[in-house]
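User: I would like to learn how to read the packing and pairing features of a protein model. Could you take them one at a time, with the general idea ahead of the case?

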Amino acid sequence: MVAVGTELLLGQIVDTNSSWIGEQLALAGIDSHFQTKVGDNLGRMTAALEQALDRSDAVIVCGGLGPTPDDITRDAIAAVMGVELHRDDAVVERIRSMFYRRDRQMPANNLQQADVPAGARVMDVQPGTAPGLICPVRRAGESVSEAGDGATGGGEKVIYAVPGVPWEMQKMVSECVLPDLQARAGERSVIRSRTLRTWGYSESGLAELLGPEMSRLDATGEATIAFLASGMEGLKVRITAKAADDETAQRVLSGVESRARAVIGGAVFGADDDTMESVVLALMRSRGLTLGLAESVTGGLIAARLTEVPGASDVLKGAVVPYDRVLKTGVLGAPDVAAVSEEMALAMAAGACRVLGADAGLATTGAAGPESHEGAEPGTVWIGLHLDGGGEAVRVRFNMARTMVRQLSTITALNLLRTRLLNRDG
């Protein structure tokens, strides 16, 4: 993938196109090894395309096919191919027809969108005024073995040029690029992934636990395991399998997932699109329980995450955000003790149950930083849980910036409730 546009480098636009294309390539069973961004500069674009062709059989270049002077992807491709641009009359009429149907006069600069490198083919699908291009490139002196995995043969490679407008690009990739790539590859396969969501382990800890399984997979080649650190979302364990068909890939994924879960145990809280909050709500709902919150240090973040999940109202009764000590004692009935303490966390959790009429109460109190609070070091948090008439509290310490202390306290509190619910059944 080569994404074109100075605005991408400046951070003015987020490159979601490359992510989408990467996902579609994986679903089609096509290995994608590199993604590059380059600004609107002919020399750098040409160099980026040359490098991409040196290490891959096919290149998808996205963007730079518009009608303005900085839209020079066509020129860069022509330079790499060693050919001239020529104006395609059929494309001119296609673009002119689009303007006519919109009852608009076609500006003269749109004509440059009909310039095509000699030897290139215009894609049949054209949702907008920018035509997609399929450009064969013969690399002098290169054999099949020198090309990347799944070489096309004969030293010929291909550049696909698609516009940066997402809906135009997606239609062209789906209907033209992917079928052409699969035809060139000569064989069909699928790549499928499954992601286990975990909380409580470090990346090195998970790697140590899964080391034997990863070694086994390295030997068999049936799948791979990778770790994705996601901050306040925990660690993701991504299992990826490539197979001849979807059924085989899913069977491999299920086997690896079962072995991974057996090793990691309760640290796995969900899979794929699950979130900690969606899992906790489902557990509470299945047990017919309601939840009340008392959030001091987290300041309503737990409630915010829970209410992002549709249907949360049948579990969450409400939240009290007692940032002032007067509210902790006056509203929740907590004793006049240290704000950052086990006793305060337990009393706040019990108070949340009582005040909000909930079956379970979850509370947070702590020193988010950067200063200490009532003698508690920055990053110190107590989490209280009241359920089935009894309470428990845990102390955690996050040596991080204030925002991360609050975010990590939020998911830690939800995880405490999750594990308590699971242990309750046992």
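**Reading the features**

Analyst: Aromatic rings make a starting point. A pair of aromatic rings is described by the distance of the centres and the angle of the planes. With ring centres required to lie within 6.5 Å, the count here is 0 aromatic pairs. Keep in mind that this is a predicted model.

User: Which ring has the charged end of Arg55 over it, and how far is that end from the ring centre?

Analyst: The ring is that of Phe34, and the charged end of Arg55 lies 3.8 Å from the ring centre.

User: Next, helix packing. How are α7 and α8 placed relative to each other?

Analyst: Two packed helices are described by the angle between their axes and the distance between the axes. Here the axes of α7 (residues 203-220) and α8 (residues 246-264) come within 10 Å and cross at roughly 150 degrees. The two helices are therefore roughly antiparallel. The crossing of α7 past α8 is right-handed.

User: Which residues make the contact between α7 and α8?

Analyst: From α7 come Leu206, Leu209, Leu210, Glu213, Arg216 and Leu217; from α8 come Val256, Arg259, Ala260, Val263 and Ile264.

User: At what angle do α2 and α6 cross?

Analyst: The axes of α2 (residues 16-27) and α6 (residues 166-185) cross at roughly 30 degrees and come within 11 Å. Angles under 35 degrees count as roughly parallel, so α2 and α6 are roughly parallel to each other. Their crossing, with α2 passing α6, is right-handed. On the α2 side the contact involves Asn17, Trp20, Ile21, Gln24 and Leu25, and on the α6 side the residues include Pro166, Met169, Gln170 and Val173.

User: Is the crossing of α9 and α13 left-handed or right-handed?

Analyst: That crossing is left-handed. The axes of α9 (residues 276-286) and α13 (residues 402-425) come within 10 Å, at roughly 35 degrees. Met276, Glu277, Val279, Val280, Leu283 and Met284 of α9 meet a set of α13 residues, among them Ile411, Leu414, Leu417, Leu421 and Leu422.

User: Now the sheets. What should I know about a strand before looking at its neighbours?

Analyst: In a regular strand the side chains alternate between the two faces of the sheet. The case to read is an open sheet of 4 strands, ordered β10-β11-β9-β12 and paired antiparallel.

User: Which strands stand at the edges of that sheet?

Analyst: β10 (223-229) and β12 (268-271) do; each has a single partner strand, so one side of each is left without a neighbour in the sheet. From one strand to the next the twist averages 25 degrees. Between β10 and β11 (residues 235-243) the antiparallel pairing covers 7 bridges, and Ile225 has Ile239 in β11 as its bridge partner.

User: Which strands does α7 lie across?

Analyst: α7 lies across β9 (190-198), β10 and β11, and runs at about 170 degrees to β10.

User: In what order do the strands of the 5-strand sheet come?

Analyst: The order is β14-β13-β15-β16-β17, in an open sheet with mixed pairing. The edge strands, β14 (316-320) and β17 (390-397), each pair on one side only. The twist averages 15 degrees from one strand to the next. β13 (residues 291-295) pairs with β14 in the parallel sense over 4 bridges, and Ala294 stands opposite Val320 in β14. Helix α12 (residues 342-356) lies across β13, β14, β15 (360-366), β16 (380-387) and β17, at about 140 degrees to β15.

User: How many bridges join β6 to β7?

Analyst: There are 2 bridges between β6 (residues 121-122) and β7 (residues 133-138), which run antiparallel. Val122 has Leu133 in β7 as its bridge partner. β7 also pairs antiparallel with β8 (residues 156-162), over 6 bridges, where Val137 is the bridge partner of Lys157.

User: Last, the backbone. Where is the cis peptide bond?

Analyst: The cis peptide bond joins Gly369 and Pro370, with omega about 5 degrees. Pro370 lies in the loop between β15 and β16.

User: What is the phi of Asp103?

Analyst: Asp103 has a positive phi of about 60 degrees, although Asp103 is not a glycine. This residue is in the loop between α5 (89-101) and β5 (115-117).

How values were computed. Residues numbered from 1 in each chain as written. Predicted model: local features only at pLDDT ≥ 70, side-chain atom pairs only at ≥ 80, totals over all residues. Heavy atoms only, no water. Phe/Tyr/Trp six-rings, centres within 6.5 Å; stacked < 30°, edge-to-face > 60°. Lys NZ or Arg CZ within 6 Å of the ring centre and 35° of its normal. Pairing = 2+ DSSP bridges. Axes fitted to C-alpha atoms, helices over the stretch in contact; angles between N-to-C directions. Contact = heavy atoms within 4.5 Å. Parallel < 35°, antiparallel > 145°, perpendicular 65-115°, else oblique. Left-handed = near helix turned anticlockwise from the far one by under 90°.
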